[in-house]
Amino acid sequence: MAELMNIGFGNLVNTDKVVAVVTPDSAPAKRLVQKAKQTEGAVDATQGRKTRSILIMEQGTVVLSALGPDTLAGRFHELAGIKEEK
């Protein structure tokens with residue numbers, strides 16, 4: 001069964017469809033977002049805030065989130081029942 005994960009501000013994604021979570025700092029990531037916006041393959045879930053992570057989905061859709069990659073990874077682990085050790 002597909003699980004939905006909150007990526008900030010009440011926006012949810014299907015965890016089964018997420019391929020990668022990357023930071024938007026690198027030039028290739030910026031090009032990926034720019035290309036996705038041009039082809040209408042980008043979903044902006046930042047609510048006007050700074051993009052802190054990019055979720056790449058199975059079908060090539062790019063989802064922008066205001067939450068950091070570490071925060072999203074923690075949420076993935078919570079959904080999977082894995083507790084991170086510190």
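Student: What pattern does the chain follow when read along the sequence? After that, please take me closely through the hairpin and the core.

Tutor: Happy to! Keep in mind that this is a predicted model. Along the sequence, the chain follows the pattern β-β-β-α-β-β-β-α, with two helices and six strands. Its radius of gyration is 13 Å, close to the 12 Å that the globule rule gives for 86 residues, so the chain is as compact as a globular protein of that length.

Now to the hairpin. Strand β1, residues 4–8, pairs with strand β2, residues 11–14, in the antiparallel sense over four bridges. Leu4 stands opposite Asn14 in β2. Two residues lie between the strands of this hairpin, and Phe9 in the turn has a positive phi of about 60 degrees.

The largest nonpolar core has ten residues, among them Met5, Ile7, Val13 and Leu72. β1 and β5 (53–57) are the elements that give two or more residues to this core. In soluble globular proteins, nonpolar side chains tend to be buried together. There is also a second, separate core of six residues, including Ala29, Val33, Ala36 and Ile54. Over the whole chain, buried residues make up 30% of the 86 residues.

Technical notes:
Residues are numbered from 1 along each chain as its sequence is written. This is a predicted model: local features need pLDDT of at least 70, side-chain atom pairs count only at pLDDT 80 or more; totals for chains, interfaces and linings use all residues. Side-chain values use heavy atoms; hydrogens and water are left out. Two strands pair if DSSP finds at least two bridges between them. A nonpolar core is a set of buried Ala, Val, Leu, Ile, Met, Phe, Trp, Tyr and Cys residues joined through side-chain atoms within 4.5 Å. Buried means under 20% relative accessible area, exposed over 50%, partly exposed in between (1.4 Å probe, protein chains only). The radius of gyration is taken over C-alpha atoms; the globule rule is 2.2 Å times the number of residues to the power 0.38.
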